[in-house]
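Hello,

I am passing on a structure for you to look at. Please open it first, and then read my notes below.

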Amino acid sequence: MNLPNALSLGRIIGTPLIAVLPFSDSWQLRLVAFVLFVIAGITDYIDGRLARSRKEETDLGRLLDPLADKALLIGTFVPMYLLADDFPFETPWGRVGLPFWIVAVVLGRELFMTVFR
C-alpha cells in the first residue's frame, strides 16, 4: 500500500471519531473532532497531489479516495444536523439550525453521483 492510499484509509478510519466526538459533553473532545476534521481535509488534498506527482495512482486509490470523501461528508453532516438544536449557527438574523432539506439535498446528490458513475 502506497502513502496516498494509506492517507485515504486513515481518513476512513478517523471518520467515526469525527462523527462521534461532537456528541461529547467535553469541549476538549469536540475540539479534537474539529482538529481531526481539519487534518482529514488536508490529507485529502495531500493524497491526491502525492498520487499524481509520484505516478502512484492505483485502482485501490480510485476506490478508497471517494469512499473516504463520502464517509467524511456523512460523518460530519449527520452530527451537524443532529446537534443543530444544541449548537445553532449564529447569523446576523439570529440563531439558525441546519434544516433537514439541506442535509437531504447534499447527501442525495452524493448518492446520485455515486450510483450514476
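Rings of Phe, Tyr and Trp count as a pair if their centres lie within 6.5 Å. Please keep in mind that this is a predicted model. With that cut-off, a search of the whole structure gives two aromatic pairs.

One of them joins Tyr81 and Phe100: the ring centres are 5.7 Å apart and the planes stand at 65°, so this pair is edge-to-face. Because Tyr81 belongs to helix α3 and Phe100 to helix α4 (residues 100–115), the pair ties together parts that are 19 residues apart in sequence. Tyr81 is partly exposed, at 31% relative accessible area, while Phe100 is exposed, at 51%.

The other pair is Phe112 with Phe116, and it is tilted, with 4.6 Å from centre to centre and 50° between the planes. Here Phe112 is partly exposed, with a relative accessible area of 47%, and Phe116 counts as exposed at 60%.

Now to the helices. How do α2 and α3 pack? Helix α2 (residues 27–53) and helix α3 (residues 59–82) have their axes 11 Å apart and meet at an angle of about 160°. Angles over 145 degrees count as roughly antiparallel, and α2 and α3 are therefore roughly antiparallel to each other. The crossing of α2 past α3 is left-handed.

Which residues make this contact? From α2 come Phe37, Ala40, Asp44 and Asp47, and they meet Asp65, Asp69, Leu72 and Thr76 of α3. Sorted by class, this contact has four charged, three nonpolar and one polar residue.

Best wishes

Technical notes: Residues are numbered from 1 along each chain as its sequence is written. This is a predicted model: local features need pLDDT of at least 70, side-chain atom pairs count only at pLDDT 80 or more; totals for chains, interfaces and linings use all residues. Side-chain values use heavy atoms; hydrogens and water are left out. Axes are lines fitted to C-alpha atoms, for helices over the stretch in contact, and angles run from 0 to 180 degrees between N-to-C directions. Helices (H or I, at least four residues) and strands (E, at least two) are DSSP runs, numbered from the N terminus. Angles under 35 degrees count as roughly parallel, over 145 as roughly antiparallel, 65 to 115 as roughly perpendicular and the rest as oblique. A crossing is left-handed if the near helix is turned anticlockwise from the far one by less than a right angle, and right-handed if clockwise. Contact means heavy atoms within 4.5 Å. Ala, Val, Leu, Ile, Met, Phe, Trp, Tyr, Cys and Pro count as nonpolar, Asp, Glu, Lys and Arg as charged, and the others, Gly among them, as polar. Rings of Phe, Tyr and Trp (its six-membered ring) pair if their centres lie within 6.5 Å; planes under 30 degrees apart count as stacked, over 60 as edge-to-face and the rest as tilted. Buried means under 20% relative accessible area, exposed over 50%, partly exposed in between (1.4 Å probe, protein chains only).
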